[in-house]
Amino acid sequence: FSLPPFYISIIRCLGVLEGLAIQVDPKARIVSQSYPYVASRVLTDKSDDLQEAFRRLALTKEGHIRWNRLETLLDEAKDSSGYDVSAALDVLTDYLLDEENGTLLDD
């Protein structure tokens, strides 16, 4: 498992920002506050990087659905102001339906 260099840079920046925010308010948590937005993007954005993130979060290596993670993503995403449930359904159907016969993948 390895991350692209730009992901590592983003993670470092978030760590610094969270450290600064904690200095001002010890209860501040930037990462947890941004999770609804991130979940929304993972569920709705069709870019290759975010689709890979979705696969790693919601599916096992064997292609089985991780229902608990999928439920968490959906639950968190609904709190994002720009969440588009129809776009999320488009992405989900691309992954969860077998393209050949239109049936739900086995979990």
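**Exercise 1.** Which residues in H3 meet which residues in H5? Work out how the two helices cross, too.

*Solution.* Keep in mind that this is a predicted model.

- Start with the contacts: from H3 we get Gln51, Phe54 and Arg55, and they meet Val91, Leu92 and Tyr95 of H5.
- Sort that contact by residue type, and you find four nonpolar, one polar and one charged.
- Now the geometry. Two packed helices are described by the angle between their axes and the distance between the axes.
- Here, the axes of H3 (residues 48–58) and H5 (residues 85–96) come within 12 Å, with a crossing angle of roughly 60°. That makes H3 oblique to H5.
- As for handedness, the crossing of H3 past H5 is right-handed.

**Exercise 2.** Take helix H4 (residues 67–77) and find out which of its residues are buried and what covers them.

*Solution.* 

- The buried residues of H4 are Leu70, Leu73 and Ala77.
- Look down the axis of H4: these buried residues fall within an arc of 60°, so they line one face of the helix.

**Exercise 3.** Is Ser40 buried or exposed? List its contacts beyond four places in sequence.

*Solution.* 

- Locate Ser40 first: it sits in helix H2 (residues 30–44).
- Its relative accessibility is 4%, and buried means under 20%, so Ser40 counts as buried.
- Skipping neighbours within four places in sequence, Ser40 touches Ala77, Ser80, Gly82 and Tyr83.
- One of these, Ala77, is also among the buried residues of H4.

Technical notes. Residues numbered from 1 in each chain as written. Predicted model: local features only at pLDDT ≥ 70, side-chain atom pairs only at ≥ 80, totals over all residues. Heavy atoms only, no water. Axes fitted to C-alpha atoms, helices over the stretch in contact; angles between N-to-C directions. Helix = DSSP H or I, 4+ residues; strand = E, 2+ residues; numbered from the N terminus. Parallel < 35°, antiparallel > 145°, perpendicular 65-115°, else oblique. Left-handed = near helix turned anticlockwise from the far one by under 90°. Contact = heavy atoms within 4.5 Å. Nonpolar A, V, L, I, M, F, W, Y, C, P; charged D, E, K, R; others polar. Buried < 20%, exposed > 50% of the residue type's maximum accessible area, 1.4 Å probe, protein only. Arc of directions from axis to C-beta.
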